[in-house]
Amino acid sequence: MRHYAIYTAIAAILALSACSLQEKSYGFYSGDNFYKTEEDAESGLMYAYNALNYLEYLRGIWYVGDIPTDDMYPKSDEPGDIHMLENWTVTPNTELTHYYYKYCYIGINRANMVIDRVGNGNFAEDVRNRIVGEALFLRAWNYFNLVRSFGVCPVSLKPISSLEQTTSPLAKDIKEIYDIIIKDCSDAIDMLEVNKSFGRVDKAAAQGLLAKVYLTLASSKEYGAAGYRSLDIDVAATYALAAEQASHVVGDYEGIYGFDTDLRHIYDVNAPDGPEHIFIMSTDRSGTHEGMYTKIPLQFLPNNSSVPIFIKYGDGSLQKGNGNGWGVFLINDDFVESAFLTTDKRRTELIHRTIYDQNGIEITPSPVRGYFTSKYVDPDFIGERTSARPYLMRFSDIALVLAEAAGPETGYPLVNAIRSRAGIGELTPGLSLADFRKAVIDERKRELAFEGNRLFDLRRTASVTRTVQEASSLTEDEAAFFPIPQREVDLNPNVPSSQNNF
Amino acid sequence: MNKKILITLLLAAVFPLVAAAQNNTVSGTVFDVDGTPMAGVSIVVPGTQKGAVSDENGKWSIDASPGEKVQFWFIGYETIEQTVGPDGTVPDVTMAVSADVLDDVVVVGYGAVKKSDLTGSVATVKVDAISDLSATSVDGLLQGRAAGLQVINSSQDPGAGATIRIRGNSSINGSNTPLVVVNGFPMGDAGALTQINTSDIESIEILKDASASAIYGSRGANGVILVTTKNADEGKTTVTVKHQTVVSTLSAPLDIWYDPMLMAQVSNEEMVNAGLNPLYIGQTIGGIYYPSLLEIQNGEWSNTDWTKLCLRTPVTNNTTVSLNSATAKSSLNLTANYFGDRGIYKKDNYDRLNINLGFTYKILPKLTFSTFNVFSLTNRQVCNGLEYGRNPLWPVYAEDGSYWKAGPTDFSHPLVALEDKKDKTKGRDFLVSAAFDWEIIKGLKAHTQVDYRYKNTIQDIYLSRTTSQDAFDNGGIAKINTTRYQDVLTETYLTFDRKFGEDHHLTLMAGHSFNYEQNRGLYTTARGFVNDVLGNEDMNASDPELRQIYNDGYYVSKLLSFYGRANYSLKDRYLFTLTMRADGSTKFGKNNKWGFFPSGAVSWKMHKEPWMQGASKWLSELKLRASYGISGNQGINSYQTLDRYGSEKFYHNGAWTTVIGPGYEAGRTGANDRYFVWGGIMNPDLRWETTAQADLGIDAAFFNSRLRLTADFYYKNTYNLLREKYLPLSSSYDKIWVNDGTVENKGFEFTIDGDIISTRDWTFSAGLVFSLNRNKVKHLGDAISSGLSTDERTGMLYEVTGPAISMFNQNASILAEGQPMNIFYGYRVDGIIQEGQNPGFIDPTALLDRPGELKYVDLDGDFAITSKDRCIIGDPNPDFTASLNLRASWRQLSLSIFLYGVFGNDVLYNGYTYSPRVKAKRWTPDNPTNDFPSLNSIRQYQLSDYFIQDGSFLRIQNISLSYEFLIGKKWLESIRLYGNIDNLYTFTRFDGYDPEVGLDGIYWGGYPKFRKFTAGIEILF
């Protein structure tokens, strides 16, 4: 009996060692262990901001906003699909629009998660308002990018965390998406305070975004842009809504937001907290991988065989820049030479064709292949790591939105302020409302050049095909949206393959 | 040299002992089993020439002194040994009929059965056939030793393991490697069983069909290799010392430039043909001087033999000392083994010390405790990839005595890499296993086992700033990486074994096991050191901003199992086996926690039927087997079914903060891996891959089992393959893991063994092993969501797989529905375009349709070479493999020859046209060959059948010779000397060094396969 007891004891102990097969996550965050504290909520919110930093989305600012327009073109031997954008031959399989589209939704899902988990979580009201408010802004921001680029697209206002949720329904029309954007912006305005913070948004940014949204609606309807023609809105009233929101940004926050009196200071990489910057992407050259830092200057600057280049300004000062640029983004000669007066500082100070060595002596033979802009230069670059940032929303942008929406009476001083900063004379006085609006859009072309705005201004004024030579064989309706990427069409049964986007 | 001295000394030591023995006549009688006197029995004194034969009355006599041994031998009987007593006599001897091989016991999962009672397909490997061979891992020695088992030794790095498959590849993303189980403890994937000493192994069994492997449930689908270690024989104490030295030489010359003049001419020609300026005209480019052909001809430049500086003749040593001792109550096995493996690159080393301790003790008459312990210490010093093909014109040293560098960006001087790179890994692998066996009542036994394994590695890396551009820019790169693995297994099973009457024999087994595995790692990198003096010794001396710490999580998995088996035998003719295993795993998705794996088999011993008795004279066995069952492949990694958030660093308020949220980086894609692939969405339905396998087999033995045949047909269908599926972009995720896809394997295999001659002095036996497997990808999942491509001409659905090959700027292989796995897909080439010949297509760039170019075949007839002209151009899977083992012995001298062949597989020769040997044979207008293209330094090669070669080979894998001196003294029993040659000769049409490449059939060059010369001695005390 003795060994029976010993044996049973041993076997029993071993049998009991079996336990639960439930797998517990270790070493990574998941829905189970996150969004519990205010720090979690902040961290989750900034993860949503961070969607903007990925290469695919970041470069999309120019791929979508400028390359297909009259202001920029890619160098001829740049590999990949960029020439499809330049030549207006984008298909559902174009890689760059595929990625841009995808990152809009990555930003949306990250924001949705914050809105859902923090909005319904146990947080102090002020914390919740601030965090949810910023997340609402980001959701609106991403949907606004989507709707302007692709038209009608799938919509989800809930975070996606199971296979069943991965086929979002298609919005029934453009209005449904704009309704979401307007509601998100309005809620964000209610929830946020004015609180200028580098890399983040506040109430002013939400108002600025809402102003741009209303302006897009009003002008698109007015110009009969595809997708907007059947919208049941009153053009004048919508302009007024845009003006109302923009006027808050322009008028209410003196000392916080305003015109930067020094044109070059706007683009000073070390002054991201200048008064112009309502929303600027957060990045820093001390990061360890791309996304933390950016290589934006390399996209613009010419290649000088890795020897740093110097850009010479009107006052004789030199600005150092990366010498190993790829020179992908080049500026159309015609755009430089016909859009700007020769005295316009936005041409003389921000657009260049020659590079210099550290002693200010011009480098010859010049490796420069075309006009390039110095809006994105980081003189303190470390190797390929720079702090150059895209300008996501500038005060001048919203000031011009106000000018365009409100008309000459309010608008002249704003346009003239911008023109005078650029060192050129005042806008022809006494223009009619329609002519004035045209003049404002023309001013936007110069002021906001290479900042990812141009395509959307052309689309909302239904003027792509007569402005952009490469698009001249298309109809304005064909140019109104890029096709929804093939993967979405293939895998989301809610998106029909013959989707025409409007 | 040393070998000779050693042998001479040994011979000198041994023979006087024999000669010195005193003479004395010993006599006696020998009886048969039934007690009648037995005639014709051979009687010998081992180790001497003395012998006698018993007469008709069983009487014999022989000269032998007290203490000497006398051996009795008769064919078909057990050999008996008696010691001459102090009084000079030997007791009478009764011979016993030797046990038939069919009565050998075969280990199967959770038990053992008589070989004749097997119902499933189980192959047993004879350990003595491989024990004199040298290899890092035991399982790497199994090549060609069992039908259906494929072993590939494609790496010759010191300490490298082997690739092992049983009955083909069946998984795409999961493991295809069989499970190795040592003494009941699952050790994971086969191919790296380095902890167990070959000399400790009693037997190796290969479980192939579902009836045999399904008892291992969710880990059994790839087959199972069971390794059982030895127990000492009762009443004996032996000490064995075994040493072997292996000298490796290259079996073919290296394919490098030996003649600098030819190299320079070829270089100039390939530049000029590409429309570029030639290099070797006496000019400096990028800081490197390229002498003119004249200067080279005048001998003004060196002709450095870099191979002498980089390579050596590797000498590997392997020493084992073992102690085996057993009494009626206990037994002890203690073995220590040192293995020092040397690679061909200087300083490329692997050293290992293994200590295996086995101990068995009978606590009570019916309760036995046994334990098995392994301590394995390994040291790997990596020093490979030295550039032995460096430009022979370049000198070793500069004038000031420092190493000569071709320019500031030249970091490939082999002596710099040899001296300034550090990469060492220390491993510690401990295994402790304890078991109790208790016979509760007659016929009912219980077995309880606890195993624990602890494995730890520490890797030290330092790359001095002299060794690469990256290290130079960063001021040295230092790493310390550690990993730890722990594994606990508890297992208890009961076995009930009883005969009911004459006709019914029932064996029931039921048990449960629990397995806990834990894996973790910590990886640290530091950069920016002041100098290279300390290497990675002080990580803190680096630039604080350039440090990285990365912990590879903490992977825990638990596997809870219940299993059972019933064997029923009716009249010892009809055998039935049913097995069942239920596996519950933490790795499986929430909705699929438990998997059930049943199997069944029947077999029929035809030769036992009364109507077959007439044939019993010549037919020892005729058995038919049939089995069917289901087993699984875990495939899934820990946490793969859960949702997982990602994290990034975000610059906020002037500092970096960690930001977290949904979406996890699951990989990279695009040019330079610039784009993220997002995963992290849960799939609670994810489960194991399932293999259903049917097997039909026959076992036959003839002429008192001297001729044995085993043959099997099998069909394996593996479904629910683990695959990644794309999701709509608007979901914000790219991919999710799902179970979708099917692969089938079917095949035929047989083994024939014959003891052709078996006399007292002479034996000759032969064994033939043949395996044939046909593999087919049946289904790759939904074409759209799996992202499959379509062949434009045939509509074949496929996906690209395998490693990227820079020469072709693409991956070499595809998985295509309806085709074998990993087939090659590309263009066809029909020789070389000759002058004045119409190539059959027009190249818009006018580069590819010139004379001297490869003549691509325009399959779709549009006079252009486009992606539509691609087709299947090769299959890396062999048609069949076969091996032949011949063994002969005369008294104590034995010789064996082992041939191994692989037939009908294609090999992709990566870099073929970059090889100096091939370049030298290039097409020129004066040499209009149809086999080699002209030289062109910038030509973009397309993957084509020009690079595909027949990889069939037949190798004289091994020849061994051994002689055993039987001493028979109390303190020295025997000495055995042996020598063998590995890889003596390979018959093949393959043009590279060696056609034995990985399963994907891609040949990467490297260096020729070693021809290994082994000399060894085994002394038994």
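Chain A is split by its domain assignment into domain 1 (1–169 + 474–502), domain 2 (193–273 + 393–471) and domain 3 (283–388); bounds like these come from an automatic or database domain assignment. Before going on, a word on the ground rules: this is a predicted model, in which local features need pLDDT of at least 70 and side-chain atom pairs count only at pLDDT 80 or more, while totals for chains, interfaces and linings use all residues. Residues are numbered from 1 along each chain as its sequence is written, and chains are lettered from A and ligands numbered from 1 in the order in which they are written.

Let's start with domains 2 and 3 of chain A, whose C-alpha centres are 26 Å apart. Where they touch, domain 2 of chain A puts in 11 residues and domain 3 of chain A puts in 14, with contact meaning that the C-beta atoms of two residues, placed from the backbone, lie within 7 Å. On the domain 2 side, helix H11 (263–266) and helix H17 (433–447) of chain A each supply at least two residues. H17(A) gives the most to that side, with three residues. Helices (H or I, at least four residues) and strands (E, at least two) are DSSP runs here, numbered from the N terminus. Sorted by class, the domain 2 side has six nonpolar, one polar and four charged residues; Ala, Val, Leu, Ile, Met, Phe, Trp, Tyr, Cys and Pro count as nonpolar, Asp, Glu, Lys and Arg as charged, and the others, Gly among them, as polar.

Now for what sits inside. The largest nonpolar core has 210 residues, and those with the most contacts inside it are Val114(A), Phe137(A), Ala242(A) and Leu402(A). Helix H6 (residues 95–119) of chain A provides the largest share of this core, 14 residues. A core in this sense is a set of buried Ala, Val, Leu, Ile, Met, Phe, Trp, Tyr and Cys residues joined through C-beta atoms within 7 Å. A residue is buried if 20 or more other C-beta atoms lie within 10 Å of its own, exposed if 12 or fewer, and partly exposed in between, with C-beta atoms placed from the backbone. Back in chain A, Val114(A) touches several residues beyond four places away in sequence, among them Ala41(A), Leu45(A) and Ile131(A).

One backbone detail in chain A deserves a look: Thr364(A) and Pro365(A) are joined by a cis peptide bond, with omega about -10°. You'll find Pro365(A) in the loop between strand E6 (351–352) and strand E7 (372–373) of chain A.

How do the two chains meet? The contact takes 56 residues from chain B and 58 residues from chain A. Strand E32 (residues 645–652) of chain B makes up the largest share of the chain B side, seven residues. That side has 30 nonpolar, 19 polar and seven charged residues.

Chain B has some strand pairing to trace, where two strands pair if DSSP finds at least two bridges between them. Strand E38 (residues 722–726) of chain B is mostly covered, with four of its five residues buried. Five bridges join E38(B) to strand E39 (residues 735–739) of chain B, and the two run antiparallel. Within that pair, Tyr726(B) stands opposite Lys735(B). Elsewhere, three strands of chain B form an open sheet in the order E52-E51-E55, with mixed pairing. Strand E52 (948–950) and strand E55 (1002–1003) of chain B are its edges, each pairing on one side only. Strand E51 (residues 906–909) of chain B pairs with E55(B) in the parallel sense over two bridges, and Leu908(B) has Ile1002(B) as its bridge partner there.

Finally, a few loop residues of chain B. Lys347(B), in the loop between strand E21 (330–342) and strand E22 (349–364) of chain B, has a positive phi of about 70° although it is not a glycine. Lys347(B) is partly exposed because 17 other C-beta atoms lie within 10 Å. Ala846(B), also not a glycine, has a positive phi of about 60°, and Ala846(B) counts as exposed because it has 8 C-beta neighbours inside 10 Å.
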